[in-house]
Amino acid sequence: PPTTDGWKLLRCYGHILAEILAKDLKAAWFSADGNDGLWSMQLPWKTFVFPLGKVYKTASQRDSLVTYYDALLEDKLRYSGR
């Protein structure tokens, strides 16, 4: 598990991801109660995302946030009919 400073850094990255999702994909906070790893945002096409939890999971499993973002972007293009 991350150190105290590691958790702070992960939270910062999670909030940056949330801002990007809000700006680029029009995500809106849906639930921000309780554990911030479970905070969720909803995209206009009703997909739920968990930005802070996703950053933690990505870091712990060495996944790619770029791949995740690209998949959400593809969903947006399908939703918008392009």
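## Burial and basis of the model

A residue is called buried when its relative accessible area is under 20%, exposed when that area is over 50%, and partly exposed in between (1.4 Å probe, protein chains only). By this rule, 29% of the 82 residues of the protein are buried.

This is a predicted model, in which local features need pLDDT of at least 70 and side-chain atom pairs count only at pLDDT 80 or more, while totals for chains, interfaces and linings use all residues. Residues are numbered from 1 along each chain as its sequence is written, and side-chain values use heavy atoms, with hydrogens and water left out.

## Fold and overall dimensions

The protein has three helices and three strands, arranged along the sequence as α-β-β-β-α-α. Helices (H or I, at least four residues) and strands (E, at least two) are DSSP runs, numbered from the N terminus.

The radius of gyration, taken over C-alpha atoms, is compared with a globule rule of 2.2 Å times the number of residues to the power 0.38. For 82 residues a compact globule would have a value near 12 Å, so the 13 Å of the protein agrees. Along the principal axes, the C-alpha atoms fill a box of roughly 45 × 25 × 15 Å.

## Nonpolar core

A nonpolar core is a set of buried Ala, Val, Leu, Ile, Met, Phe, Trp, Tyr and Cys residues joined through side-chain atoms within 4.5 Å. The largest one here has 14 residues, and those with the most contacts inside it are Leu-21, Leu-25, Ala-27, Met-41, Leu-43, Val-49 and Leu-72. Helices α1 (4-25) and α3 (65-80) each supply at least two residues of this core; α1 gives the most, with five.

Leaving aside residues up to four places away in sequence, Leu-72 touches Leu-21, Leu-25, Leu-43, Trp-45, Thr-47 and Val-49. Contact means heavy atoms within 4.5 Å.

## Helix α2

Helix α2 spans residues 51-61, and its buried residues are Pro-51, Leu-52, Gly-53, Lys-54, Val-55 and Thr-58. These buried residues pack against α1, α3 and the strands β1 (28-31), β2 (40-42) and β3 (48-49).

## Loop residues with positive phi

Most residues other than glycine have a negative phi. Lys-26, which is not a glycine, has a positive phi of about 60°. Lys-26 lies in the loop between α1 and β1 and is exposed, with a relative accessible area of 56%.

Arg-62 is likewise not a glycine and has a positive phi of about 55°. Arg-62 follows α2, in the loop between α2 and α3, and is exposed, with a relative accessible area of 78%.
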